[in-house]
Amino acid sequence: MSQRFNAQQLATGSIFVALAVMGLKIAAWMMTGSVALLSDALESLVNIGGAVMAWFAVRYAQRPPDAGHPYGHHKAEYFSAVIEGILIVIAALVIVHEAVNALSRPEMADWAPAGLLINALAMAVNLLWAQVLLRAGARLSSPALSAGGRHLMSDVWTSAGVLAGLGLALASGWAILDPLLALLVAVNILREGWRVIASSVNGLMDMAAPEAERARIEEIIHRSAAGALQVHGLKTRRAGRALFVEFHMVVDGAMSVRAAHDICDRVEAALKASLPDAQAVIHVEPEHKLEPAGIKPR
C-alpha cells in the first residue's frame, strides 16, 4: 500500500490512525480501570502529537531550495523525529508516576475481558500501519516516517506484553502485576525514545551515507567516468531524502574544459538514474593530483 502514496499522504493517514487507536485504547482502559492499559493509551497520545509534527515536517521538507536554504529543507524531518523522541520520553515518565502510585494500592475490581479484546484490536491496527510506515520510510528516505514506524512497533510490543501480563493477572488474581507491567512499559518506551532521538541527531550531524550506498556510488562512478584518470576524496552525507555526493576527478592536464565537463555530466546523469535524490559536486583537477587510494574509471 505504501507504494501508492507519497510522504504527505502517509503522514496525514498517521494522524487518523493514531486518533482511532487512542480511541480504542481509552475505551479498553475505561472498561477495565487497568493502569497498564492507561499507560498504553497515554503512549497513543504521544503518537498523535508525533503524527501531527511529522505532517508539518514532511510538508516543509518538500519545499524547493530558496535563497535562504540553497540546499533545500530536507532536514526539517529530523527535527520532527527528535521532538517525537522527547515526547516519547515524557510519556514514559508520566507512566512511571502513575505506576508508582498504583503499586501502593493494586486493584483488580472489574477487568472486563472485552476491554482486553478492544486493546488487541488497537494493537493489530498499529502493527499494520507500522509496517506501512517502515516500508515507506525506507523507500522515500523519510526520517519522520521511519521514526513513526519504529515508535508504532514499540507500541505494538508494549501492547502485546501488557495483554499477556493482564491475562496472567486475571488468571492468577495477582493485581500487583498491573502496575508492574506499567513500569515495564515505561522502560520500553524510554528505550525507543532514546533510539529515535539518537538516530535523528545523527542525521542533523551530517552522517555519511551507509556503507552499502557508498559502495553503490563508487561503482556508478567507476562505470561512468571513462576518460578521467582517477576519482578520489569521495564524501557523502544524507539529509532526509537528499543524498549529497562530493569528490575530486583527475583528468589529463591537456584535456579541454568541454571534454572534462562532458565526463562530469555523464557521471551526474548516472548517479541521478540510479539514485534520483543524489546531488553531486565534482572538483576537476589536472593529473599531477593523482592519489594512491583513488578510484580508477574503466
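Predicted model: local features only at pLDDT ≥ 70, side-chain atom pairs only at ≥ 80, totals over all residues.
**View 1. Helices α1 and α4 cross in a left-handed manner.** Helix α4 covers residues 113-140, and its axis lies 9 Å from that of α1. The two pack at an angle of about 165°. Angles over 145 degrees count as roughly antiparallel, and α1 and α4 are therefore roughly antiparallel to each other. Look at the kinds of residues where α1 meets α4: 17 are nonpolar, six are polar and one is charged.

**View 2. Helix α1 also packs with helix α5.** Here α1, made of residues 7-32, meets α5, made of residues 143-172. Their axes are 11 Å apart, and the angle at which they pack is about 20°. That angle makes α1 roughly parallel to α5. The crossing of α1 and α5 is left-handed. On the α1 side, the contact is made by A7, L10, A11 and K25, while α5 brings L145, D155 and S159. Sorted by class, the residues of this contact are four nonpolar, one polar and two charged.

**View 3. Three strands form an open sheet in the order β1-β2-β3.** Pairing within this sheet is mixed. Which strands stand at the edges? They are β1 (230-239) and β3 (278-286); each has a single partner strand, so one side of each is left without a neighbour in the sheet. From one strand to the next, the twist averages 15°. Strand β2, residues 242-251, runs parallel to β3, and nine bridges join the two.

**View 4. A salt bridge joins the side chains of R238 and E213.** How many salt bridges does the structure hold? There are three, and this view takes you to the one between R238 and E213, with an N to O distance of 2.6 Å. R238 belongs to strand β1 and E213 to helix α7, so the pair ties together parts that are 25 residues apart in sequence.

Note on methods: Residues numbered from 1 in each chain as written. Heavy atoms only, no water. Axes fitted to C-alpha atoms, helices over the stretch in contact; angles between N-to-C directions. Helix = DSSP H or I, 4+ residues; strand = E, 2+ residues; numbered from the N terminus. Parallel < 35°, antiparallel > 145°, perpendicular 65-115°, else oblique. Left-handed = near helix turned anticlockwise from the far one by under 90°. Contact = heavy atoms within 4.5 Å. Nonpolar A, V, L, I, M, F, W, Y, C, P; charged D, E, K, R; others polar. Pairing = 2+ DSSP bridges. Salt bridge = Lys/Arg side-chain N within 4 Å of Asp/Glu carboxyl O.
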